[in-house]
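This report covers two chains and the place where they touch. Start with the display below, then read on.

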Amino acid sequence: MAISDELLTYIKTELAANSPDMDAETNLGGVVDSTAVMEIVVWIEGKYGFDVEIDDIVPDNFGSVAKLAAYIETRRKT
Amino acid sequence: MGVRLFDLLRTSAAKHGDKPAAVFPGGESIGFATLDAHSDRVAQRLRRLGIGPGDRVAMFHDNSLPALVWFWGILKSGAQNVDVPTLAGRPTIQGILDEARPKAIAIDAKQAAALHAAADEPLRLPQIWLSTDDSRPAADAREAGLHTLTDIVANERAGTSDPGTSQDDVAMVVYTSGTTGRPNGVMLSHRNFVSNLEGANALMHLTDRDSILVVVPLYYIHGRMQLLLHAMLGGTVYFSAGFQFPQKVLLELIEYGTTGFSGVPYHFKQLLDRSKLAQTPPPALEYVLVTGGALAPADLDKLRAAVPKVGIHLAYGQTEASPRITWIGPEQLERKRGSLGIALPGVTVEILGSDGLPVATGVNGEVVASGPNIMKGYVSGDERALGKVDDKGRLRTGDLGWLDDEGHLFLSGRSSEMIKSAGERIFPQEIESVIARHPRVRDVAVIGLPDPLLGERIVAYVTLHDGPPIELAEFRQHCLKELPFVRVPKSFEVTDELPRTDSGKISRATLKKAVSSRPSGPGGTGGG
């Protein structure tokens, strides 16, 4: 499964089942709160095996599923 | 007549006309003079619609520029602003609207669109809408009269006209959940707020050179207080894009160069743990104010170490006290660990024993406050019958604590049923009503239990109808379909029975007490 699909499934199932229309471009600002962002960080670290730096947890990387997928791709290569 | 809240804006507009009163994410801003002039026009429109003193207007809005113009316009019309928590869930919101009976509603396009799209029973709203053109499809579908800001600014005439409001008239209604099992509409007068703002600032000494970053919705009284205080000072309020990303909030503090920041303990804990606050402290930041609960001593030490040049202030209050009751500043904080400070000027704090009489210094009892900041009453009119206000007009906070020999307040227990989790204020009812819709649930009670990270952790206790075994995760999934993550209980407990009051209602207070006194389990730090 593509990273963005994995993320979408995870977020829609575990964090925001009340946002069924969400897609990869949806602004996560309106979907997840600070506690859900923490959950996403822990999930990414567990699943993709790298540490998410504090500097990285900003809207540029976490603003949407597409941005998150691009961020994970970049980090996995480094 | 005395100073009314809108007089604060008028005075600042005369003194600081071009200065930004508010700046929003993306750089949109509004100056004091423009905010004053636009809100005058809103007041005129409301008056022409027959809305004025004695009427209420609901505010169903995320933080935005129009929300500020509507807010001041409502006050200037002489009407009362009723803050509606947008995230509270439909039954709670409907309950607030049904009780407060607003004649009009200021609603943002996002809320209007959500109403328009909703498949189930729509909210019953007033038929006069203050909004933007984006809300037109929703307004048309409901045959509501839509009044847009663009239209009002273009077509209403300039100039002020005084609604004749007195200082003792109600300015705002703010809903909170006390110990009464239901949301209470707290009616706060102009005098309540003005006395509290002046009392707070007599201690903090902020001026027109101060500015603040706001990370909470304005429908929390904590947010309103910051807005009103800076209107009084002539200082600029910067609105954060939100608290999802603490590092982003730190970047905002640095970029905007605000002198102040205010939050609840959760916000500070997040900034300490999940931003580079210590490595890159905001250079212009001079003070922070912690409200809504005490910061754990270890976190206070961490905060002091992270931003050694920043003055740390703490305040304690309740919505019913407009909201501030006590305050402590940086000089005292080191010396008086655990103190929530001294009473604001004009406010009296007493500790009463179970016999209703004042106890001696150092003795634990109920915290009781009196002064010009104490609410006019509840919309429901039963604040005395409920024992929230006693026969001497004092506010019975329901919180437990003691005073030391210098008048410093120390708290030993909170009684409010309002759950404070992750910086949110949550009505237990809004979560219970969702859980109660699960077919297997017979009764439910939702309480907040202490949590080192979240402040309070939401825990749901359910009794079940007979049936096959059920996975508790199912309740979580059920809630996730209707509630934002932060409002979904962190744990569910099945129990045979829930404690009840003499009148047969489920008693969250008794439940909380019983759970908290257990040696382990969800009340302890390891459970849940």
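## Chain A

The radius of gyration is taken over C-alpha atoms, and the globule rule is 2.2 Å times the number of residues to the power 0.38. For 78 residues, that rule puts a compact globule near 12 Å; chain A has 11 Å, so the two agree. The model is predicted. Along its principal axes, the C-alpha trace of chain A spans about 35 × 25 × 20 Å.

Chain A holds four helices and zero strands. From the N terminus on, its elements run α-α-α-α. Of its 78 residues, 32% are buried. Take the contacts in chain A between residues at least 6 apart in sequence: 56% of them join residues at least 24 apart.

## Helix α2 of chain A

Helix α2 of chain A covers residues 34–48, which is 15 residues, so it should span 21 Å. Its end C-alpha atoms are 21 Å apart, which agrees.

Which residues of α2(A) are buried? They are S34(A), T35(A), A36(A), V37(A), M38(A), I40(A) and I44(A). Within chain A, the buried residues of α2(A) pack against α1 (3–15), α3 (59–62) and α4 (65–77). They also pack against α11 of chain B. Just after α2(A) comes G49(A), with a positive phi of about 70°.

## Chain B

The secondary structure of chain B comes to 16 helices and 26 strands. With 528 residues, a compact globule would have a radius of gyration near 24 Å; chain B has 23 Å, so it agrees with the rule. Its C-alpha trace spans about 65 × 55 × 50 Å along the principal axes.

Buried residues account for 52% of the 528 residues in chain B. Among contacts in chain B between residues at least 6 apart in sequence, 67% join residues at least 24 apart.

## Where the chains meet

Terms used. Residues numbered from 1 in each chain as written. Chains lettered and ligands numbered in written order. Predicted model: local features only at pLDDT ≥ 70, side-chain atom pairs only at ≥ 80, totals over all residues. Helix = DSSP H or I, 4+ residues; strand = E, 2+ residues; numbered from the N terminus. Expected span 1.5 Å × (residues − 1). Buried ≥ 20, exposed ≤ 12 C-beta atoms within 10 Å, placed from the backbone. Contact = placed C-beta atoms within 7 Å.
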